[in-house]
Amino acid sequence: MSNLRHEKLVDAYEKALFALVLEEVAEDEGEQLLKLNAALQADPDAEVPEQLKQRCSKIVQAKATKEKLHRAARYSRKAFRSVTVAVFICVTLFTTVFAVSSDFRRHTLNAVIDVFDEYSVITIQKDYVDKEMLEQTGEHVIANHYNIGLTWMPDGYELTDGWSNGIGDFAEYMSAEENGFNLFIVPMNENSMMQVDTEDCEQVEVTVQEHSATLLRKSTGRLTVIWIDEDTQVFYQVLGNGLPEEDLLKIADGLVWTGTIR
Amino acid sequence: MITKKLDVLNDQEFITCVCEEYIRLMYYTAQKYVSNPQQCEDIVQDSLLRLMGKVETLRALNEPALASYVVATVRNTSINFLRRQGIEEQKRTETYLRMQEQELEAPSMDELIISREERERLRSIWPQVDSGVRILLEGKYFLGQDDKQLAQLFGCSPASIRMKLTRARRKVLKLMKEGEVVE
């Protein structure tokens, strides 16, 4: 028997051995975990927050609904995502500090957003305020996920997706009527360049959180507001579909970001 | 204890049942890694999403193994979460993923007689194994994670994971052979 073949056989045997042993270890540890679980079930202090149970229930329901929608080939979150082409980050050799408004007018770019994280659904409780955020920032944040806090959002919206990948933070909210908005925040450096879809858009200068910002009104009805906090060199984008303009601007104005500046 | 017959439930009912049964255990596990209640909730939710993608695997497990799988999933999700939080949490993450990176001359499989007794021996020394080695081997052989997922958890390349797995197996086999903790 050749050496290589022998090594492959030994490798396969080792893997099978560990798979078997890990299965048995899991059962041993599982017996202890079942006892712990029983103790937790009997302990009133181990009760989990009601909103977590509701969130989990909604996730399961939403996945089933999503699968039904997909099978029915109706307009779904997937379609919303494909319309929501927004940002492609590239680090270039050129020293470029991305400037809002006038630079946008010179460039017409198409870009794609990559969404990496799993799909999730959360219901925001009415009158809920994140107490820790209130202490840290002084802001009455009512929804805080993936470092993106909102102090205001329209009724009827639920978090349906989000991610933090070390480069930027993203959160997406949708309503039952399948209107939605997403938020994308990226700390930049002098070598960063942001590309945003400005094709077929009317551009309007607005003010968001005392920063000069650009509102893009696409002919399809999609709205995007973008700005850079020049003190922190952080890029902000809020994009909406099916939302009134004033709602989108209100969401943007109430945005609180707690991510890490590079 | 789950009293329903899980095999007659559809996927949605099955995962709902698992969630209802283990949600306290999941939250309890997440609390070992993060203290912020909102972050605990996010970890439990993310863990549930991972479990929803593994329904077929979960259905094949008996109840003790299912409990282990759920807890292992929350543990890995928590460690990933800590890693994403950045440098401040790095040290805590490294504690859980600590692996003594030493070159070991492990016995070859030819030198080991893998009988039932030897397997029992391996199970008995399991608690003595580095936490990082345990998490790595558990992730690979119990949770069925691929090299890319493990690389993300350990903050290294998939190629490095393959090397780590080889070393981890050798380390455990050496422990099993010698019956003592490697310092």
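Okay, housekeeping before the pictures. Residues are numbered from 1 along each chain as its sequence is written, and chains are lettered from A and ligands numbered from 1 in the order in which they are written. Because this is a predicted model, local features need pLDDT of at least 70 and side-chain atom pairs count only at pLDDT 80 or more, while totals for chains, interfaces and linings use all residues; side-chain values use heavy atoms, with hydrogens and water left out.

Let's start with the interface. On the chain B side, 45 residues are in contact with 52 residues of chain A, contact being heavy atoms within 4.5 Å. Together the two chains bury about 4700 Å², with 63% of that on carbon and sulfur atoms. Buried area here is the accessible area, taken with a 1.4 Å probe, that two parts lose on being put together, summed over both. Which three residues supply more of chain B's share than any other three? Those are Arg24(B), Gln45(B) and Arg123(B), with 16% of the area that chain B buries against chain A.

Now for the polar side of things. The rule finds 15 residue pairs in polar contact across the interface, both residues at pLDDT 80 or more. A polar contact is a pair of N or O atoms within 3.5 Å; within protein, one must be able to donate a hydrogen and the other to accept it, and residues adjacent in sequence count only if both atoms are side-chain atoms.

As for where chain B's touching side comes from, α1 (11-31), α2 (37-52), α4 (63-85), α6 (116-125), α7 (131-141) and α9 (158-178) each supply at least two residues. Helices, by the way, are DSSP runs of H or I with at least four residues, strands are runs of E with at least two, and both are numbered from the N terminus. The most comes from α1(B), with 12 residues. By type, that side of chain B splits into 24 nonpolar, seven polar and 14 charged residues.

On to salt bridges, meaning a side-chain nitrogen of Lys or Arg within 4 Å of a carboxyl oxygen of Asp or Glu. The count over all chains is 14, and five salt bridges are found across the interface of chain B and chain A. Have a look at Arg55(A). Its salt bridge with Glu41(B) has the closest N and O atoms 2.8 Å apart. Arg55(A) sits in α2 (residues 50-72) of chain A and Glu41(B) in α2 of chain B, so this pair joins two chains. Both Arg55(A) and Glu41(B) are buried, where buried means under 20% relative accessible area, exposed means over 50%, and partly exposed is in between (1.4 Å probe, protein chains only). Asp42(B) also forms a salt bridge with Arg55(A), again with 2.8 Å between the closest N and O atoms. Asp42(B) is buried at 16% relative accessible area, and Arg55(A) is buried at 1%.

Then there's Arg123(B), whose side chain meets that of Asp28(A) in a salt bridge at 2.5 Å, N to O. Within chain B, Lys140(B) forms one with Asp147(B) at 3.3 Å between the closest N and O atoms. Shared partners also join Glu24(A), Asp28(A) and Arg123(B) into one network.

What about the inside? The largest nonpolar core has 70 residues, and Tyr22(B), Leu137(B) and Val172(B) touch the most other members. Such a core is a set of buried Ala, Val, Leu, Ile, Met, Phe, Trp, Tyr and Cys residues joined through side-chain atoms within 4.5 Å. Again α1(B) gives the most, here with 11 residues. A second, separate core of 29 residues includes Tyr157(A), Phe181(A), Ile185(A) and Leu248(A). Is α7(B) enclosed or open? Nine of its 11 residues are buried, so α7(B) is largely enclosed by the rest of the structure; among them are Val133(B), Leu136(B) and Glu138(B).

Last stop, chain A itself. It has six helices and 13 strands, and 47% of its 262 residues count as buried. In the loop between β9 (201-208) and β10 (211-218) of chain A we find Gln209(A), with a positive phi of about 50 degrees although it is not a glycine. Glu210(A) is in the loop between β9 and β10 too, and its phi is near 65 degrees. Gln209(A) is partly exposed at 28% relative accessible area, whereas Glu210(A) counts as exposed at 79%.

Note on methods:
Nonpolar A, V, L, I, M, F, W, Y, C, P; charged D, E, K, R; others polar.
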